[in-house]
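This report looks at a pocket, a nonpolar core and a few individual residues. The structure under discussion is shown below.

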Amino acid sequence: MSASSLEHLGLWTADLERLRAWYERWLGAVAGERYENRETGFSSYFLSFAGGARLELMQRAGEELGLRAHVAFAVGDVDALVEQLRAAGVPVLGEPRATGDGYYEAVVADPDGNRVELMH
């Protein structure tokens, strides 16, 4: 069996532009062109991050929203970013802390309520 790699993670949203702008502003995402399938009503963006990770944001009426786990981003200064997010009204779900497995992390909510782990 050959090794595999994770290509991307997808999130459903009811507001594609709002979620794209949030990931661009706070986590440095670079969005590709918006994809539209007018026959199915499906729209999406692929967001690229430093290191090669990609996140697909998807919208179509009637789809269940979000991710039922979390998505994690390595950031430079967890404390500083959490304070910037808090000042902007972003919900902080888990305060910055050292974990038992050697990470330093915090958890915030994106505009759709998805859990976004910020770590280093």
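## The largest pocket

The largest pocket has a volume of about 310 Å³. It is lined by 16 residues, of which Phe-49, Ala-50, Ala-53, Ala-72 and Phe-73 are the closest to its centre. The model is a predicted one, and the values in this report are to be read with that in mind.

Two strands, strand 5 (54-59) and strand 6 (70-74), each supply at least two residues of this lining, and the largest share, four residues, comes from strand 6. Sorted by class, the lining of the largest pocket is made up of 12 nonpolar, two polar and two charged residues.

## The nonpolar core

The largest nonpolar core has 26 residues, and those with the most contacts inside it are Trp-22, Tyr-23, Leu-27, Val-116 and Leu-118. Two or more residues of this core come from each of helix 1 (16-27), strand 4 (42-48), strand 5, strand 6, helix 2 (78-87), strand 8 (104-109) and strand 9 (115-119). Helix 1 gives the most to this core, with six residues. In soluble globular proteins, nonpolar side chains tend to be buried together.

Which residues does Val-116 contact, leaving aside its neighbours within four places in sequence? They are Trp-22, Tyr-23, Leu-27, Val-71, Phe-73, Ala-106, Val-107, Val-108 and Asp-110. Leu-27, which lies in helix 1, touches Val-116 in turn, and with the same exclusion of residues up to four places away in sequence its other contacts are Trp-22, Phe-49, Phe-73, Val-75, Leu-81 and Leu-118. Leu-27 counts as buried because its relative accessible area, 14%, falls under the 20% cut-off. From Leu-27 to Gly-100 there are 73 residues in sequence, and the C-alpha to C-alpha separation of the two in space is 25 Å.

## Aromatic residues

The count of aromatic pairs comes to five. Trp-22 and Tyr-23 form one that is edge-to-face, with 4.9 Å centre to centre and 80° between the planes. Trp-22, Tyr-23, Phe-49 and Phe-73 form one aromatic cluster, and of these residues Phe-49 and Phe-73 are among the closest to the centre of the largest pocket.

Are Trp-22 and Tyr-23 buried or exposed? Trp-22 has a relative accessible area of 9%, which is under 20%, and therefore counts as buried. Tyr-23 is buried as well, with a relative accessible area of 0%.

Ser-44 is a residue of strand 4, and it counts as buried because its relative accessibility of 4% is under 20%. Not counting residues up to four places away in sequence, Ser-44 touches Leu-16, Glu-33, Arg-34, Tyr-35, Glu-56, Leu-57 and Met-58.

Gly-32, by contrast, is found in the loop between strand 2 (30-31) and strand 3 (35-37). With 39% relative accessibility, Gly-32 counts as partly exposed, because this value lies between the cut-offs of 20% and 50%. Once neighbours within four places in sequence are left aside, Gly-32 is in contact with Tyr-45 and Phe-46. The C-alpha atoms of Gly-32 and Ser-48 are separated by 7.8 Å, while the two residues are 16 residues apart along the chain.

Conventions: Residues numbered from 1 in each chain as written. Predicted model: local features only at pLDDT ≥ 70, side-chain atom pairs only at ≥ 80, totals over all residues. Heavy atoms only, no water. 1 Å grid on protein atoms, 1.4 Å probe; cavity = no way out; pocket = protein on both sides within 12 Å on 5 of 7 lines; lining within 4 Å. Points joined across faces, edges and corners; volume = space filled by probe spheres on them. Nonpolar A, V, L, I, M, F, W, Y, C, P; charged D, E, K, R; others polar. Core = buried A, V, L, I, M, F, W, Y, C linked by side-chain atoms within 4.5 Å. Buried < 20%, exposed > 50% of the residue type's maximum accessible area, 1.4 Å probe, protein only. Contact = heavy atoms within 4.5 Å. Phe/Tyr/Trp six-rings, centres within 6.5 Å; stacked < 30°, edge-to-face > 60°.
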